[in-house]
Amino acid sequence: MWSATKPKYAGSVVRKWNIVNCDKTITRNSGLDSVKRTYSHLFGMWWKLHSAPDHGDLLEQDFPRLNADSKERTLWRVKGCYDYSAMLQIALDSVPGATHIVAIEDDVVLASNWVEKILEKINLNPPRPIVASMFSGGRGTKMYGAVGFLYSRQIAAEFRNYTLAHCAEIPIDSLLNLFVKEKGYNYEDFSPNIVQHVGLKSSMNGKIQTITSGKFAWG
């Protein structure tokens, strides 16, 4: 992902990469372990690795099941929502002067001109609240998931608080849709996509990935 960021933007326009690791430690010989060893000189400067938040007694709770979900899938959904909320807070705290935040999943590829396209979006008619999808997996219609989003700082902070109040109720992508509707914001998007969703394996055992795209276009 960061390899698609041109050097002139590193540490300037793109101030900091915050990587939230869902495990407490980095799995030996994993992709993240390989990245950390290969680019070790960048960690602590432009990149910073964070452990996922302590989920406390989530394991002891019985959350509402959606669509006859299993308890395991329900817990996976709720934990994912809290992790997303933590990621937003980490981004807000790490660069207090940031005007916008980009939130992307780890199984994506960014277009080589992604920074330029985001700057175009930001500078189109400043200042305004922005919640813009970097990826649509729709076929004929635009279907947004939480794969990649550009947020203005105000909306990132509002959505972070909103997730904390509603994480137990619905998945993060549906929660984002509900938040946008309730607050009266409008979704924006990038056409074509500036993110490819290429992950084939889910962190939820047995879950089949259905929203993938091998091109920078509508899925």
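Predicted model: local features only at pLDDT ≥ 70, side-chain atom pairs only at ≥ 80, totals over all residues.
Student: At what angle do α4 and α5 pack?

Tutor: Helix α4 covers residues 153-166 and helix α5 residues 172-183, and they pack at about 120° with axes 10 Å apart (helices are DSSP runs of H or I, at least four residues, and strands runs of E, at least two, numbered from the N terminus; axes are lines fitted to C-alpha atoms, for helices over the stretch in contact, and angles run from 0 to 180 degrees between N-to-C directions). The pair is therefore oblique, the class left after under 35 degrees (roughly parallel), over 145 (roughly antiparallel) and 65 to 115 (roughly perpendicular). Contact means heavy atoms within 4.5 Å, and among the residues making it are Phe159 and Tyr162 of α4 with Leu175 and Phe179 of α5. By class, this contact has eight nonpolar, two polar and three charged residues (Ala, Val, Leu, Ile, Met, Phe, Trp, Tyr, Cys and Pro are nonpolar, Asp, Glu, Lys and Arg charged, the others, Gly among them, polar).

Student: How does helix α2 pass α4?

Tutor: Helix α2, residues 71-94, packs with α4 at about 145°, with axes 9 Å apart, and the crossing is left-handed. The contact includes Tyr84 and Leu88 of α2 and Ala156 and Phe159 of α4, and its residues divide into nine nonpolar, three polar and two charged.

Student: Which residues are closest to the centre of the second largest pocket?

Tutor: That pocket holds about 150 Å³ of space, and of its 12 lining residues the closest to the centre are Lys117, Phe190, Ser191, Pro192 and Ile194. On a 1 Å grid over the protein atoms alone, a pocket is an open set of points where a 1.4 Å probe fits, with protein on both sides within 12 Å along at least five of seven lines, and lining residues have an atom within 4 Å of a point. Helix α3, residues 114-122, gives the largest share of the lining, three residues.

Student: What kind of peptide bond joins serine 191 and proline 192?

Tutor: The bond is cis, with omega about 5°, and proline 192 sits in the loop between β7 (188-189) and β8 (195-197).

Key: Residues numbered from 1 in each chain as written. Heavy atoms only, no water. Points joined across faces, edges and corners; volume = space filled by probe spheres on them. Left-handed = near helix turned anticlockwise from the far one by under 90°.
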